[in-house]
Structure formats: C-alpha cells, structure tokens
Amino acid sequence: MLRNNNVVFSCFVFYAVLLLLKMYVLAFITGQVRLRKKAFANPEDAMRHGGLQYHRLDPDVERCRRAHRNDMENIFPFLFLGAIYSMTGPSLGTARLHFVAFTAARVLHSVAYLAALPAPTRSLAYVAAQVPCLSMALQIMAAVASYA
Amino acid sequence: MLRNNNVVFSCFVFYAVLLLLKMYVLAFITGQVRLRKKAFANPEDAMRHGGLQYHRLDPDVERCRRAHRNDMENIFPFLFLGAIYSMTGPSLGTARLHFVAFTAARVLHSVAYLAALPAPTRSLAYVAAQVPCLSMALQIMAAVASYA
Amino acid sequence: MLRNNNVVFSCFVFYAVLLLLKMYVLAFITGQVRLRKKAFANPEDAMRHGGLQYHRLDPDVERCRRAHRNDMENIFPFLFLGAIYSMTGPSLGTARLHFVAFTAARVLHSVAYLAALPAPTRSLAYVAAQVPCLSMALQIMAAVASYA
C-alpha cells in the first residue's frame, strides 16, 4: 500500500508502472533493431558499428519509433488522468475496469504496430484505449469544474 | 472537490485536463488530415485506403505532428509543475493566473500552428506559455531547495 | 517543504524540476541552432528569416531534436516513478541516491548528445539512467502488486 491509503490509487499505479515497463521494452527493441539492421541515428554510433554508411534510416526502426511516440502521446496522459481520477472517489471495480481496458488496448496497440498487423487492428486498439481516458477526463472535469 | 482538499490543486486539474483534451483533439485532427490527404505513416494503413502509393509524407500532416510534439514538450512538464506548485501554498488568485495564462497561450500556439499564422505569432505564444512554467519552477525550487 | 510533509518527495521534486529546467535549456538551444544555421521547420518561420530556402533540415538541429525526444522518453517516466516511489517509504539516503544517479546520468546524456562524444558514451549514460528507474519501478510494483 502507498502512503496515501487510497486503494484505487494503488491499483492505478500497478497498471501505470506496467505500461512504463512496456515502453522501456519498446525502447530496448528499438535499440536491438538498430543493431540488427545496422541503422543508426547518429554518425558517432555508426562509426562504432562499421562506418558512416550505417548512419541511415530503416523502415523497421522507424516503425518502432512511431510506436514509441504514439505511446508517449497516449500513455503519458493516462499517467496523469488515472492518478487524478483515483482522487475523485470512484468504486474500485469501475476504476479497475478503466485501468485494465486501457492497459490491454495499449499492449494490443504495441503488438499490432510492431507486427504490422493488417489495418484497422492498430487503429481499433488506439480508439479502445481512448475510451477509458475520455471517461476519466469527463469524470474529473465534473469533479473540479466549479474550481475553474 | 478532489480528495486532497486543495482548492488550488482542483483549479489546476481543470486546466490540465482541458489541455489534455486539446491534445486529443489535435491527434484527431491529424488522423482526419491523413485520411483527407491520403498520406499514411504505415504501409498497412495505406493498403487499406487505396494502395502503397499513399504511404507517403504530407506537409499538412507533418505540421499537425510538429504541433503535437511541441505540446508534449511543453504541456507534459506543465502537468508536473502545476501539480507540485499547488502543493507550495500559493494564493488561489495567483495560481489561477498561472494556469489560465499557460492554457490561453498553448491554445493560441495550437491555432497559430495549424493555421500557419505569420511568424512570430506561434513563437510568441510559446514564450508566453513558458513564463508561468518558469515562475512555477522557480517557486518550487525555492520551496524544496533545502531538501536537495 | 511541500504540503504533503514528505521529505523524500521534496528531495525528488528538487531533482525533477532541475531536469525539467534542463529540458527547457535544450529547447532553447534548439531554437538558437535553428537561427544560427537558418534551418526552420515551418515555411512561415523561414519567410520571416530570409525566405523559403531556409525551410530545410539541418543535422545539428536534428541532433538537438533527438536529444530532446530521448529526454521525453526517459525523464517524463522518471517524473512519475520518482513521485510514486517517494510514497513507498524509502529511506532518504537510498532515495536521494536514485534521484542523483538519474539526474547525473541524464545531464551526461545531454552533453554527450549535443557534443557528439564518441560512442558509447551517450549509450552508457542512457543505461546508467535506466538503472534507478528500473529499481524504483520494481520497488513500486512490490508495494502495489496485491492491488492489481
């Protein structure tokens, strides 16, 4: 239990840290693809791995980077929304549903991105992850609107 | 009211969530521009929308993406600074001035970016948004410097 | 002291805000390099600074942007992990060690990036910064796993 004695918050933190670990894995994969495809963003890295000809773009590396950027665009807002939503007093069951749905959709999003699954798999995962975020955002707004 | 009984924090949360919703709108606009201009970042998306020739860059899409990235660079730090600043005990009036100034400047930044308003409109909005952030950062540092 | 009366949290906040200020400096440097190299991401900016021929990519600007993006990928998660970790009740000495190690490694990462220091300096700084983040993530998971 964390020191704020909020069970919903502790539940949120579990999924939030899981998603951050997922992002770290994605960064690790990006590095491995760079090494395997010999495609480096910086000339000093290319020099260390065979020469300046490896300072180049690669479609698989770019795919990893797009997946990572999309995570930043969506998981970082979730870190904020989930934390604040936990302070609005939701029931644990409803809150967990939000957190689990977001987490599952974002894991599917990463898999669909890296495996280049046929469209619109990735887009549907993206939209599915937006639903709990918008739900939390609206509930937060209802709780704080009078303090604007 | 949120469970921490901090009026300034509730005020901050209102503007923070408003800005996250603004970012979601920007992501939605990016998707719409991709569909309208038929310019997709992934071959699997292009295949679904007419063929691999639509796996291509588009200046309007790139503009949306630059606006979104600039939001990540600036609004995400605000989410942190505003939350901590609310814990330093500022008056509600002063705090709200910081939050409203930042929010207004970032909305103007997005409008200036997407509408390609003549320079330096967008840059001035960027600088105007930095002022409350630097003010909050310095006030936080003054409050915690002895705990470094 | 912040209103939550948590000394570890105040210590964390000091380093967190220091790192955000470091990111603001990086954004400022990017802008200065754009002006010096006359390389602008937007045609409206190029028009203001001499003409559309300056709407172009520049390797030094792209280097700044890569450094900034890597900061977003790593410092933003730290803002979350450090805050939650402070709520798990670590000793001040152990916690400060995590925060100082991360901060030092990320400052070195920025210097190595901007100065294009020979590989693998930058990569080692990146890995060194990951160690305290993974340590905090695992300690948080241990604290909240039963609330999943």
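Predicted model: local features only at pLDDT ≥ 70, side-chain atom pairs only at ≥ 80, totals over all residues.
Chain B is superposed on chain A by a rotation of 120° with 0.0 Å of shift along its axis, at an RMSD of 0.0 Å. The two copies are thus related as by a three-fold rotation axis.

Within chain B, helix 1, which spans residues 7-37, packs with helix 3, residues 59-85, at an angle of about 165°, and their axes lie 10 Å apart. Because angles over 145 degrees count as roughly antiparallel, helix 1 of chain B and helix 3 of chain B are described as roughly antiparallel to each other. The crossing in which helix 1 of chain B passes helix 3 of chain B is left-handed, and by class their contact has 19 nonpolar, three polar and six charged residues.

Between the chains, helix 3 of chain A, residues 59-85, packs with helix 1 of chain B at an angle of about 150°, with 11 Å between their axes. That angle makes helix 3 of chain A roughly antiparallel to helix 1 of chain B, and the crossing of these two helices is left-handed. To this contact helix 3 of chain A brings Asn74(A), Pro77(A), Phe80(A), Leu81(A) and Ile84(A), while helix 1 of chain B brings Phe9(B), Phe12(B), Val13(B), Ala16(B), Val17(B), Leu20(B) and Tyr24(B). By class, the contact of helix 3 of chain A with helix 1 of chain B has 11 nonpolar residues, one polar residue and no charged residues.

Methods:
Residues numbered from 1 in each chain as written. Chains lettered and ligands numbered in written order. Heavy atoms only, no water. Least-squares fit on C-alpha atoms with pLDDT ≥ 70 in both. Axes fitted to C-alpha atoms, helices over the stretch in contact; angles between N-to-C directions. Helix = DSSP H or I, 4+ residues; strand = E, 2+ residues; numbered from the N terminus. Parallel < 35°, antiparallel > 145°, perpendicular 65-115°, else oblique. Left-handed = near helix turned anticlockwise from the far one by under 90°. Nonpolar A, V, L, I, M, F, W, Y, C, P; charged D, E, K, R; others polar. Contact = heavy atoms within 4.5 Å.
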